[in-house]
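I opened my notebook to keep track of what I looked up. Each entry covers one topic.

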2 protein chains.
Amino acid sequence: MHGFHGVTVSQIVAESGTSKGGFYHHFQSKDELLYVIHDYFISYVLTKAKEADSSSKNPTEKLQKIIQSFVKVFHLYKPHISVFYQESIYLKPEYTEEIKKKRDSYKKLIFKCLEEGKESGEFRSEVPVDITGMTILGMVNWTYKWYQPGGEKTIEDIGNIFVDLILNSLLTEQAKQKKEYQSFFLKSDINQDQI
Amino acid sequence: MHGFHGVTVSQIVAESGTSKGGFYHHFQSKDELLYVIHDYFISYVLTKAKEADSSSKNPTEKLQKIIQSFVKVFHLYKPHISVFYQESIYLKPEYTEEIKKKRDSYKKLIFKCLEEGKESGEFRSEVPVDITGMTILGMVNWTYKWYQPGGEKTIEDIGNIFVDLILNSLLTEQAKQKKEYQSFFLKSDINQDQI
DNA sequence: GCCTAGAGACCGACTGGTTGGTCTGTCCAA
DNA sequence: TTGGACAGACCAACCAGTCGGTCTCTAGGC
């Protein structure tokens, strides 16, 4: 395939201090590099989400862990993610399919977690799994558009806020009272003043 | 400027049944077309948000109206929005600046609304305006990646779910009890059975 | 009513520039 | 000597934008 793709191979080669020959010695195509880049950060969130899924039976705790690691990936791999979203439009079908599989398995983990939360009665029964799942994916994925490392809020701050917002909208009044969940919520200003 | 930009002018010209000459007779450049496309749908949400801002003194009601119209734009202008996000990466600075201005003014309207809600005491004081604002922008903007017109859920359904999730995470326990807000929340399964 | 001049809408082959990818060749370690 | 890591000039493809030319429609003189 030919044509302009935002970041050119010549640029990549120049900034990484190698050459066209060197690049194509390591990668079959520019698409393959993009695939590798995607795999680099999707593997992180997938691993972390699977860890959360297996290390805990509690959907609320699971979701908290998933979101925290999900947000963190935008700190760890911001350049990778930015490049991926910029270039992924032009990926050849064979690569998009492989990428879609991994993204789907991540989506399913979130959906499964929401399902479990509803079944256990901790999440409100009236919220639909699919749209809520896409809401979580959307709000977190969108951070790549505005998150600035070294900004006012750390990535942990942002993760805590996301968790607070999501759990406040999903948990039943009863579940919100559980003592072991209090650490998942933002401290109210009153409490902060007292400390 | 030269280079590949996802959707080519030749494609646009072919599918709209005109010609290169015709196209460049109406638009100075491909960038100008993109700018016009963006203006088309950003004007819609901006107008609706300003209407909500002026027609109501109540932050909760405002936010509900803003989100509903914000979601709706993805139904009305899905093709426009998809093309814009796909191509906007390559826009010349002069156009991105103009677009950024309109997007910023929309963002400010949402931030202002959140601020007012906190001041009036209806929104929880511990949620930060900036991240919460970006959360709303993120979850709604992301719908362009998954929303399918004619799917299981209508755009109104999706809007209602978003409003429910956001208000449940922002409103204080006290504010949630207000009778006039009950219509903003999803009906619980129990109530649905009774009807 | 008729004819003409001219302006603007529209056409499409062509150009200049840019890009992903190739190919020949060099260097160096085993 | 030989095979793999790397270099960089080069090529074919491809795209935004141009430019000379054509078509259409209207204004206005007769």
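My entries on this predicted model follow.

**Entry 1: chain A as a whole**

I began with the secondary structure of chain A. I found ten helices and zero strands. Read from the N terminus, the elements run α-α-α-α-α-α-α-α-α-α. Next I looked up the extent of the C-alpha trace. Along its principal axes, chain A spans about 60 × 40 × 25 Å. Then I checked burial. Of the 195 residues in chain A, 51% are buried. I also looked at contacts between residues at least 6 apart in the sequence of chain A. In that set, 67% join residues at least 24 apart.

**Entry 2: an annotated stretch**

I turned to the UniProt record. Its unreviewed entry lists residues 8-27 of chain A as "DNA-binding region". I noted that such annotations may be inferred rather than shown by experiment. In the model, this stretch of chain A is 70% helix and 0% strand. The C-alpha atoms at the ends of residues 8-27 are 14 Å apart.

**Entry 3: salt bridges inside chain A**

I asked how many salt bridges the rule finds over all chains. The count is 29. I picked A:Asp53 and A:Lys112 to follow up. Their closest N and O atoms are 2.8 Å apart. A:Asp53 sits in helix 3 (residues 30-55) of chain A, and A:Lys112 sits in helix 6 (residues 93-120) of chain A, so this pair ties together parts 59 residues apart in sequence. A:Lys112 has a relative accessible area of 37%, so I recorded A:Lys112 as partly exposed. The pair also belongs to a network of salt bridges that links A:Asp53, A:Lys62, A:Lys112 and A:Glu116.

**Entry 4: where chain B meets chain A**

I moved to the interface. How many residues does each chain give to the contact? I found 41 from chain B and 41 from chain A. Together the two chains bury about 3500 Å² between them. Carbon and sulfur atoms account for 69% of that area.

Across this interface the rule finds five residue pairs in polar contact. On the chain B side, the elements that give two or more residues are helix 5 (78-87), helix 7 (129-141), helix 8 (155-170) and helix 9 (173-176). Helix 7 of chain B gives the most, with nine residues. I sorted the chain B side by class: 18 nonpolar, twelve polar and eleven charged residues.

**Entry 5: salt bridges across the interface**

Five salt bridges cross between chain B and chain A. One of the contacts I looked up joins B:Lys153 and A:Asp130, with 3.2 Å from N to O.

I then followed A:Arg124. Its side chain meets A:Glu126 in a salt bridge at 3.1 Å, N to O. A:Arg124 also meets B:Asp164 in a salt bridge, at 2.5 Å. B:Asp164 lies in helix 8 of chain B and A:Arg124 in the loop between helix 6 and helix 7 of chain A, so the pair joins two chains.

Are these residues buried or exposed? The cut-off for buried is under 20% relative accessible area. A:Glu126 is at 19%, so A:Glu126 counts as buried. A:Arg124 is buried at 9%. B:Asp164 is buried at 0%.

**Entry 6: one residue, B:Ser29**

I ended with B:Ser29. I located B:Ser29 in the loop between helix 2 (20-26) and helix 3 (30-55) of chain B. Its relative accessibility is 15%, so B:Ser29 counts as buried. Leaving out residues up to four places away in sequence, B:Ser29 touches B:Phe23, B:Tyr24 and B:Tyr95. I also looked up B:Val9, 20 residues from B:Ser29 along the chain. Their C-alpha atoms are separated by 9.6 Å.

Terms used. Residues numbered from 1 in each chain as written. Chains lettered and ligands numbered in written order. Predicted model: local features only at pLDDT ≥ 70, side-chain atom pairs only at ≥ 80, totals over all residues. Heavy atoms only, no water. Helix = DSSP H or I, 4+ residues; strand = E, 2+ residues; numbered from the N terminus. Contact = heavy atoms within 4.5 Å. Buried area = accessible area lost by both parts, 1.4 Å probe. Salt bridge = Lys/Arg side-chain N within 4 Å of Asp/Glu carboxyl O. Polar contact = N/O pair within 3.5 Å; in protein donor to acceptor, adjacent residues only side chain to side chain. Nonpolar A, V, L, I, M, F, W, Y, C, P; charged D, E, K, R; others polar. Buried < 20%, exposed > 50% of the residue type's maximum accessible area, 1.4 Å probe, protein only.
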